[in-house]
Amino acid sequence: MSGNNRNVLALMPHPDDMEILCAGTMALLARAGSRLYVMTMTAGDQGSPDRPREEIAAIRREEARRGSETLGAVYECLGLDDVRIVFDNPTRERVVAALRRVNPFLIITTSPDDYMYDHILTSQLVRDATFTAPMPNYATPGKEPPIAGIPYLYYAVPLGGEDLFGTPIRPTTIVDITEVIDLKRNALACHESQRIWLRAQHGMDNYIQTMEDWCALTGKEIGVRFAEGFRQHRGHPYPGDDVITPEALCDLSELAE
């Protein structure tokens, strides 16, 4: 960790992605003294079978704010359109500017091989932004100053634990979230609008139970009740030491005291 920087950012495509994929680990990082920030690329304006885009977007922004608040996190929506995320220079600048505003030492985002393109493109944009945000000569429209260095980057294992071909994904880190499962459950419960949508689109009748079942299955990998899985980006020039292991979280807690 660089200096006294304790900012952690979960940058996800849609409201409820953070709660499903990494809310438990975020809660543990907060307990270890980190400041939490949650951003979504979109407001999830396609996430309804019967409400117009503007209406469901407003609902989902408020749900995301409340879900983030449950963990003590600050929430921001970057304002892109749901299922219309593209990798172009204006979007790249928007994501780099977002990282610079938060200046995180650690970022969690979606998997680079996920079930839908919004997740894949968000992963690519976040990875690009972590590399680009420290560059002094890379200007953003808001003139946000560059961050000090490349942050730690983690990809959350997708719900179901498989890539887009159905091949199991092996996490590099599995985090025991048993002690904060109630916080994760409460955060996800803020997304009330999604039960109808997920039932219609994904065949998930109880999204909270589906989340718990998945966390329980992940927990079996390390012999605990509930867990979340991640792959750390360790390629050049990213930091390679794992800062979300139990030992590392303990060290963060001691630094915060």
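The lining of the second largest cavity splits into 5 nonpolar, 3 polar and 3 charged residues (Ala, Val, Leu, Ile, Met, Phe, Trp, Tyr, Cys and Pro count as nonpolar, Asp, Glu, Lys and Arg as charged, and the others, Gly among them, as polar). Those residues are H14, P15, D16, D17, M18, E19, V38, T40, A64, S68 and Y75. Two or more of them come from each of α1, β2 (35-42) and α3 (53-70), and α1 is the top contributor with 3 residues.

A bit of background: this is a predicted model, where local features need pLDDT of at least 70, side-chain atom pairs count only at pLDDT 80 or more, and totals for chains, interfaces and linings use all residues. Residues are numbered from 1 along each chain as its sequence is written, and side-chain values use heavy atoms, with hydrogens and water left out.

In total there are 2 cavities of 30 Å³ or more. A cavity here is a set of points, on a 1 Å grid over the protein atoms alone, where a 1.4 Å probe fits but cannot get out; lining residues have an atom within 4 Å of a point. Volume is the space filled by probe spheres set on the points.

| Cavity | Volume |
|---|---|
| Largest cavity | about 40 Å³ |
| Second largest cavity | about 30 Å³ |

As for the largest cavity, I20, L21, V157, W214, C215, T218, A227, E228 and G229 line it. At least two lining residues each come from α1 (17-21), α8 (207-220) and β7 (227-232), these elements being DSSP runs numbered from the N terminus (helices: H or I, at least four residues; strands: E, at least two). By class, this lining has 6 nonpolar, 2 polar and 1 charged residues.

Notes. 1 Å grid on protein atoms, 1.4 Å probe; cavity = no way out; pocket = protein on both sides within 12 Å on 5 of 7 lines; lining within 4 Å.
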